[in-house]
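Dear colleague,

Please find below the structure that I am handing over to you. My notes on what was found in it follow directly after it.

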Amino acid sequence: SYIISLAAGSQSVRSTSGGRLSREFTCTVTATLGIIDEDNAPPRASLVAPTNTASAPIDATFVLRFSEVIDTTPLQGTLTASSPIRFLLRRLRTDPVTQVVTCDRSGIPIVLEGIPRISLENVNGRAVTSVSFKPNVNLPGLSCVQVQVTSDLRDLSGKQCVASDYEVFTENAPQQALT
């Protein structure tokens, strides 16, 4: 329940004709429907940056855009291995026959930690959440960043996010020590 009070006198709201309230107005509004999910579908993430996932810069900023507004409470603070969005640094693996490059998922990844930037955007007349993440370090050249969005993330109505996984390969750059 919400109580709405409108003051009277010189500090009150004005009508379209310029008149003010002569006495205070108070009413109670009770919201009973809860949060309404506009599309009644689970949220989906899409990777919108970097745009060149085959040769991303070593100082890339990653941007995920969701299909609707999500509950960002689990994204407050530093992202870790247990966050609902994870950025994992992996080695590249090249298939000897086809020469197709993929993330080497056989090894233990390095969890890229950092604080995400969360924003609300209006896309095609609809409110959506965007999550930007820039790792605290420059990435090594010719490596893979696996971006995982888990179903632990939810929209405001509580629907679980559709889990998704993206691979971003970094450009060929001089090797640096990564601590």
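In which loop does Pro50 lie? Pro50 is placed in the loop between β3 (45-49) and β4; strands here are DSSP runs of E with at least two residues, and helices are runs of H or I with at least four, numbered from the N terminus. The peptide bond that joins Ala49 and Pro50 is cis, with omega at about 5°.

Basis of the values

This is a predicted model, in which local features need pLDDT of at least 70 and side-chain atom pairs count only at pLDDT 80 or more, while totals for chains, interfaces and linings use all residues. Residues are numbered from 1 along each chain as its sequence is written, and side-chain values use heavy atoms, with hydrogens and water left out.

The pLDDT, which is the predictor's confidence in each residue from 0 to 100, has a mean of 88 over the protein chain, and 97% of the residues reach 70 or more. Among the elements of the chain, β4 has the highest mean pLDDT (96) and strand β6 (residues 92-94) the lowest (85).

Backbone

Most residues other than glycine have a negative phi, and most peptide bonds are trans. Asn40, in the loop between β2 and β3, has a positive phi near 55°. At 56% relative accessibility, Asn40 counts as exposed; the classes are buried under 20% relative accessible area, exposed over 50% and partly exposed in between, with a 1.4 Å probe and protein chains only. Leu142 also has a positive phi, of about 50°. Leu142 belongs to the loop between β10 and β11 (144-149) and is partly exposed, with a relative accessible area of 46%.

Aromatic rings

Rings of Phe, Tyr and Trp (its six-membered ring) pair if their centres lie within 6.5 Å; planes under 30 degrees apart count as stacked, over 60 as edge-to-face and the rest as tilted. By this rule there are 2 aromatic pairs. Phe62 and Phe87 make a tilted pair, 5.5 Å centre to centre with 50° between the planes. Because Phe62 lies in strand β4 and Phe87 in strand β5, this pair ties together parts that are 25 residues apart in sequence. The rings of Phe87 and Phe133 are stacked, because their centres are 4.2 Å apart and their planes at 15°. Phe87 lies in strand β5 and Phe133 in strand β10 (residues 126-133), so this pair ties together parts 46 residues apart in sequence. Phe62 and Phe87 are both buried, as are Phe87 and Phe133. Phe62, Phe87 and Phe133 form one aromatic cluster.

Two loop residues

Thr72 is located in the loop between β4 (62-66) and β5 (85-90). With 18% relative accessibility, Thr72 counts as buried. Leaving aside neighbours within four places in sequence, Thr72 is in contact (heavy atoms within 4.5 Å) with Ile118 and Thr129.

Arg20 is in the loop between β1 (2-6) and β2 (25-29) and, at 35% relative accessibility, counts as partly exposed. Not counting residues up to four places away in sequence, Arg20 touches Gly9, Ser10, Gln11, Ser12, Val13 and Arg14. Arg20 and Phe87 are 67 residues apart in sequence and 55 Å apart in space, C-alpha to C-alpha.

Kind regards
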